[in-house]
Structures are given as C-alpha cells and as structure tokens.
Amino acid sequence: GELSMTVSIGVAALGPGQATWPELMQRADAALYLAKSQGRDRCVLAPPTPAPDAPELAQPAMLKPGGLA
C-alpha cells in the first residue's frame with residue numbers, strides 16, 4: 001500500500017551571547033509542540049532570545065507549505 005507521512009518541526013537559533021544549549025533545546029521543543037498543535041506539515045520558528053535590554057518579541061513565526069504565514 002501507499003505510505004503517507006507528515007512532519008512537524010520546531011526551530012530555534014542560537015546567537016552569540018544568547019541562550020545556553022539547554023535553553024535553546026527548550027525553545028525548539030516548545031516550537032515543535034506549537035507546530036504539532038496547529039496541524040500537520042508545520043514548521044514553527046521560535047523567536048530569538050532577546051538581549052537583556054531588548055523588548056520581548058510577540059509571537060513565533062509560522063511557516064506553512066509555500067512560505068511564511
């Protein structure tokens with residue numbers, strides 16, 4: 001028979017002076033579960049870790065087939 005698969009992806013980036021490895025993995029994991037909660041074939045990009053004096057970002061970016069939502 002035919003095999004069908006879907007994928008949910010959580011992505012987080014680590015920049016200089018930003019999160020530690022465990023924090024990075026936690027942010028990627030949170031993005032993954034957000035992608036899973038929003039349906040199949042999703043990729044969620046976690047917002048970058050803000051610098052201590054930077055304002056916090058609102059929502060993570062949502063990637064859908066065909067580009068940014």
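Reader: Which residues are exposed on the other side of helix 1?

Author: On that side, Pro22, Gln26 and Ser37 are exposed. Exposed means over 50% relative accessible area, buried means under 20%, and partly exposed lies in between (1.4 Å probe, protein chains only). Please note that this is a predicted model, in which local features need pLDDT of at least 70, side-chain atom pairs count only at pLDDT 80 or more, and totals for chains, interfaces and linings use all residues. Residues are numbered from 1 along each chain as its sequence is written, and side-chain values use heavy atoms, with hydrogens and water left out.

Reader: What makes up the protein in terms of helices and strands?

Author: The protein has one helix and four strands, in the order β-α-β-β-β from the N terminus on. Helices (H or I, at least four residues) and strands (E, at least two) are DSSP runs, numbered from the N terminus.

Reader: How do you know that the span of helix 1 is close to the expected one?

Author: The expected span is 1.5 Å times one less than the number of residues. Helix 1 (residues 21–37) has 17 residues, for which 24 Å is expected, and its first and last C-alpha atoms are 24 Å apart.

Reader: Which residues of helix 1 are buried, and why are they said to be on the same side?

Author: The buried residues of helix 1 are Leu24, Arg27, Ala28, Ala31 and Ala35. They cover an arc of only 95° around the axis, and therefore they are on the same side of helix 1. The arc is that of the directions from the helix axis to the C-beta atoms.

Reader: What covers these buried residues of helix 1?

Author: The cover includes strand 1 and strand 2 (42–45).

Reader: Which residues does Ile9 contact beyond its neighbours within four places in sequence?

Author: Ile9 is in contact with Ala31, Leu32, Ala35, Arg42, Cys43 and Val44. Contact means heavy atoms within 4.5 Å. Ile9 and Leu45 are 36 residues apart in sequence, while their C-alpha atoms are 8.5 Å apart in space.

Reader: What makes the nonpolar surface patch that includes Ile9?

Author: Val7, Ile9, Val11 and Leu45 make this patch of about 270 Å². Patches are made of residues with over 30% relative accessible area and no salt bridge; like charges are joined within 9 Å, and nonpolar side chains (Val, Leu, Ile, Met, Phe, Trp, Tyr) within 5 Å. A salt bridge is a side-chain nitrogen of Lys or Arg within 4 Å of a carboxyl oxygen of Asp or Glu. Accessible areas come from the Shrake-Rupley method with a 1.4 Å probe, and for residues only the protein chains shown count as cover.

Reader: Why is Gly10 called partly exposed?

Author: Gly10 is in strand 1. Its relative accessible area is 23%, and therefore Gly10 is partly exposed. Leaving aside neighbours within four places in sequence, Gly10 is in contact with Ala28, Ala31, Leu32 and Val44.

Reader: Where does Asp41 lie, and why is it called partly exposed?

Author: Asp41 lies in the loop between helix 1 and strand 2. With a relative accessible area of 34%, Asp41 is partly exposed. Asp41 has a positive phi of about 55° although it is not a glycine.

Reader: How many residues has the protein, and what percentage is buried?

Author: Of the 69 residues in the protein, 17% are buried.
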